[in-house]
Amino acid sequence: MKRFAFAVAAASIAAVASAQGTASTAVPKIGVINVERLVQESALGKEAFNRVKKVSDAKKEEGDKLSKELRDMEQKLADQGQAMAEDKRDALQKSYQEKAIAFKRFQDDATRDLEAAQKKELSELERRVFPVINQVGKDKGFTLILNKFQSGLVFVDDSVDITDEVLKVFNTTV
């Protein structure tokens, strides 16, 4: 996938260069942006992170409670299991197994919920930041802007990194 993205970027550069004509010696202006940093440092990114963290913390708290209940039941079985009547021990073991299955289901659901919350927040942030990136690109005369760490780039000079400019505009316009 990264090779495909790199190939598309290279083809785009070649197409732009060809469109400018062979007589023209204009070089495409390329910029990169560190989207991770934009998410971490922008005001909206921080708010989105806090909303996801709130969901994560709530799920962790609930998971810790369920985990403690399981440990308590396990301890009760270990401490008192031999002294219990067989029917009571069997009932406690069955209850423990049911709780263990419910805990596993909770963990799976919590993971899905957290991933959904992250996806929702990132989609909303993306929807709001792309117009800003496009505007900065147009204002600064860029031909192409790449995502620094997801575009297959191995090296990029810091002089083409426009993250600071986009952050500045994004934080003031949103």
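**Ground rules.** The model is predicted: local features need pLDDT of at least 70, side-chain atom pairs count only at pLDDT 80 or more, and totals for chains, interfaces and linings use all residues. Residues are numbered from 1 along each chain as its sequence is written, and side-chain values use heavy atoms, with hydrogens and water left out.

**Select the whole chain.** Colour by secondary structure. You get 5 helices and 2 strands. Helices are DSSP runs of H or I with at least four residues, strands are runs of E with at least two, and numbering starts at the N terminus. Along the sequence the pattern reads α-β-α-α-α-β-α.

**Switch to the surface.** The accessible surface is about 12300 Å² (Shrake-Rupley, 1.4 Å probe). Carbon and sulfur atoms hold 54% of that surface. Of the 174 residues, 24% are buried (under 20% relative accessible area, 1.4 Å probe, protein chains only).

**Select residues 86-140 and 163-173.** These are helix 4 and helix 5. They pack at about 120 degrees, with axes 9 Å apart. Axes are lines fitted to C-alpha atoms over the stretch in contact, and angles run from 0 to 180 degrees between N-to-C directions.

**Show the side chains at the contact.** Contact means heavy atoms within 4.5 Å. On helix 4, pick L125, R128, V129, V132, I133, V136 and K140. On helix 5, pick E165, V166, V169, F170 and T173. By class, the set has 8 nonpolar, 1 polar and 3 charged residues. Asp, Glu, Lys and Arg count as charged; Ala, Val, Leu, Ile, Met, Phe, Trp, Tyr, Cys and Pro as nonpolar; the others, Gly among them, as polar.

Conventions:
Buried means under 20% relative accessible area, exposed over 50%, partly exposed in between (1.4 Å probe, protein chains only).
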